[in-house]
Amino acid sequence: MAAADPSGDPPAPAAGHVRIYEVGPRDGLQNEAGSIAIEQKLEFLARLANAGLREIEATSFVSPKAIPQLADADELMDRLDRAPDVRYPVLVPNERGMARAEASGVDAIAVFTAASDAFTKANIGMTVDESLATFGPIVARAKDKGWWVRGYVSTAFGCPYTGRVEPSRAADVGRRLLDLGVNEVSFGDTIGVAVPRQVSELTGLAVADGIALDRLAYHFHDTRGTALANVMAGLGGGVRCFDAATGGTGGCPYAPGAAGNLATEDLVYLLDGLGYEHGVRLEAVLDAARFITAALGKPLSTKVGQAGGWDPKTGQPTGRI
Ligand code: HMG
Ligand code: MG
């Protein structure tokens, strides 16, 4: 449910429910060079849960050589004080990652491939076909355990190595992930090149390929400032799950040119204005955004992070300090 409006104004007409899938602790941090203390990561996770986020991608069980920043994943999951109503998925690239996930008591994982072989090779050392063959038994085992499983299709709109990606190719990889048994497919605009028309096109193709709208999510990086416009296109096509990172952090070391994710605070502001229910409190997201950017030694440079929210009754910004 949307938080009550403290101004006493009538709530915006309900436009339905949207899931906000938080990727700040994983995607947001994975590309950061400076080491962040595990206590700061745990505090960030706690603040995100406190903000009402109910799906928080916590970390990755990947090679510490590939992603040094998340080398503390086992200890992090061990020490994480899990809120009972929050799902904390972790990234799993292979059997070794799955074994670590099994040892850490998680109940949600995300496997990740892409629409282009060049990117998948650079990212996880496999072609797309090889990655799907690797994920088959992992997804089956996770489903046997009753876990929730997401499958990512990165470079769904463009590849940093080979350029334009046909939307039919992205939809096909998404369909094959669904055939493996994942609960949901998230199409990633890894390097932030998509524009709304392409999002509408991919949504249509994915649905035509048998990916139901309630199993489809979008993961936009805001490299070129089109992320919120792309969310609008997703909403217009009936998609109701969007990934975002509090503080607008993020990027992938194997995707040259990838910049931050769509900021959770910018997404929350948009959804509030449109009347969607999502259960996330903007001011608490801003608090978490300030915390993590301070921990990274960076300014909070997202739009709503700088301007704050806005109270139409007073005409004043909210949530700023
Ligand atoms: P590799 O070098 O091809 O594989 O890496 P390997 O099997 O030869 O293993 C190399 C070393 O890693 C060995 O150690 C293994 O034991 C170890 P060594 O003998 O050299 O000491 N190893 C592992 N260690 C811990 N956990 C594991 C694991 N597996 C092997 N799971 C591998 C292949 C997949 C491991 C590597 O390429 C990798 O970890 N890649 C992950 C890259 C990554 O995390 N990228 C970012 C996430 S994807 C993303 O950001 C996009 C997304 O946000 C959506 C979007 O934006 O589009 C999701
Ligand atoms: Mg990403």
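Helices (H or I, at least four residues) and strands (E, at least two) are DSSP runs, numbered from the N terminus. On that basis the protein, a predicted model, has 12 helices and 12 strands. Local features need pLDDT of at least 70 and side-chain atom pairs pLDDT 80 or more, while totals for chains, interfaces and linings use all residues of this predicted model. Residues are numbered from 1 along each chain as its sequence is written, chains are lettered from A and ligands numbered from 1 in the order in which they are written, and side-chain values use heavy atoms, without hydrogens and water.

**Overall form**

- Along the principal axes, the C-alpha atoms fill a box of roughly 55 × 45 × 35 Å.
- Of the contacts (heavy atoms within 4.5 Å) with a separation of 6 or more, 74% are between residues 24 or more positions apart.

**Surface and burial**

- Buried means under 20% relative accessible area, exposed over 50%, and partly exposed in between (1.4 Å probe, protein chains only). By this rule 55% of the 321 residues are buried.
- The accessible surface (Shrake-Rupley method, 1.4 Å probe) comes to about 12,700 Å², and 53% of it belongs to carbon and sulfur atoms.

**Helix α4**

- Helix α4 covers residues 95-103, and its buried residues are Gly97, Met98, Arg100 and Ala101.
- The buried residues of α4 line one face of the helix, because they fall within an arc of 160° when seen down its axis. The arc is that of the directions from the helix axis to the C-beta atoms.
- Packing partners of these buried residues are α3 (73-79), β3 (90-91), β4 (108-114) and α6 (128-144).
- Arg96 and Ala103 are exposed on the other side of α4.
- Arg96 has a relative accessible area of 64%, and its C-alpha atom is separated by 35 Å from that of Leu267, 171 residues apart along the chain.
- Gly105 follows α4 and has a positive phi, near 75°.

**Thr249**

- Thr249 sits in the loop between β10 (241-244) and α10 (264-274).
- With 8% relative accessibility, Thr249 counts as buried.
- Leaving aside neighbours within four places in sequence, Thr249 is in contact with Gly24, Gly28, Gly260, Asn261 and Leu296.
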